Amino acid sequence: MDRDLAVGVILARLGQSAVVLLVMSFVIYGLMGLMPGDPIDLMIAADPHLTAADAVRLKALYGLDRPWTERYLRWLAQIGRGELGYSRLFARPVLDILAPAVANTALLMVASLALALMVALPLGIWAASRPGGWIDRAANLLAFVSVSVPTFWLGLMLMVLFAVQLGWLPAGGMHSLDDGGGGLVDRLRHLVLPTLTLAIAGTGQYIRHMRAAMLEQAGLDYIRTAIAKGCGPTRVLLHHQLRNAAIPVTTIVALEVGGLFSGALITETVFAWPGMGRLIFEAVMGNDFNLALSGLLLATAMTLAGSILADLAYAWLDPRVRRR
């Protein structure tokens with residue numbers, strides 16, 4: 001029964017996500033349509049040999065002379081068939097451009113998120129176990145600095161220190177030009193600085209959420225009951241308090257998964273990392289409709305996927321959720 005209920009909940013969430021994606025596609029397509037100019041206008045501005053007759057013919061060819069709603073429905077049907085179209089900026093199929101960008105952002109996201117959690121969660125737990133102590137004060141200071149420092153400034157300072165002054169790490173890119181496409185060690189060296197930048201920027205909020213959740217759970221009755229029954233401090237902390245405190249933190253982490261796919265624009269720009277955030281920015285600024293629409297929809301889908309993962313994590317962490 002629990003398995004059937006879980007499957008039903010997942011299917012319901014997938015249905016809701018499909019509706020949200022449909023609405024977002026309408027909104028994104030409308031916002032892109034409000035941008036000044038269209039691809040044909042840009043082609044005319046770039047090529048003085050194109051005449052007004054050529055512009056009319058090209059707009060008819062690409063359907064730009066038709067009503068907005070008709071163009072949206074045609075684009076939606078095209079997306080449903082898995083045809084993302086061609087990128088005007090790169091003169092290549094959109095899927096060929098999105099695939100490596102998604103892989104690059106996923107690599108950066110997993111590395112930075114893992115590093116941030118490895119530091120923030122134990123530090124938040126330790127700080128909450130000794131409120132008011134020097135560890136708690138140090139953790140709060142680190143969290144305050146992390147959420148206050150601008151990401152672009154942090155990235156530039158790390159670049160100056162480790163790439164310019166010390167010369168230990170490359171300043172940007174994904175691999176060295178003389179490395180024949182980039183070996184594993186070379187790629188890992190290029191990954192260090194953007195990963196460190198994103199990890200430091202995200203560590204503060206994880207520390208604060210973990211500490212607050214642990215302190216909230218520490219004052220509840222079930223913790224006092226566990227202590228009264230003779231449970232040791234370590235067992236109370238890890239088997240009772242931490243399991244329940246992890247539930248609100250799961251929301252932050254799961255939503256961060258979607259945000260990093262499109263929100264790492266500053267870091268990817270500073271370090272010239274060829275990821276989704278930088279690609280979407282270039283597509284929007286270059287009026288590349290197909291690439292921008294597909295990238296923004298993919299970012300929305302990843303955010304929704306993170307929300308579904310958060311629900312599944314809730315069910316695993318809290319048995320009461322599975323019985324609803």
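Contact here means heavy atoms within 4.5 Å. The model is predicted: local features need pLDDT of at least 70, side-chain atom pairs count only at pLDDT 80 or more, and totals for chains, interfaces and linings use all residues. Residues are numbered from 1 along each chain as its sequence is written, and side-chain values use heavy atoms, with hydrogens and water left out.

**Glu268**
- Glu268 touches Thr105, Leu108, Trp273, Gly275, Met276, Gly277 and Arg278, residues up to four places away in sequence not being counted.
- Glu268 belongs to helix H11 (residues 265-270); helices are DSSP runs of H or I with at least four residues, numbered from the N terminus.
- Glu268 is buried, that is, under 20% relative accessible area with a 1.4 Å probe and protein chains only.

**Salt bridges**
- Two salt bridges are present in the structure.
- One of them joins the side chains of Arg211 and Asp136 (2.5 Å, N to O).
- Because Arg211 lies in helix H8 (residues 184-218) and Asp136 in helix H6 (residues 134-148), this pair ties together parts that are 75 residues apart in sequence.
- Asp136 is buried, its relative accessible area being 4%.
- Glu282 forms a salt bridge with Arg278, with the closest N and O atoms 3.4 Å apart.
- Glu282 and Arg278 are four residues apart in helix H12 (residues 276-285), a separation of about one helical turn.

Note on methods: Helix = DSSP H or I, 4+ residues; strand = E, 2+ residues; numbered from the N terminus. Buried < 20%, exposed > 50% of the residue type's maximum accessible area, 1.4 Å probe, protein only. Lys, Arg positive; Asp, Glu negative; His and termini not counted. Salt bridge = Lys/Arg side-chain N within 4 Å of Asp/Glu carboxyl O.
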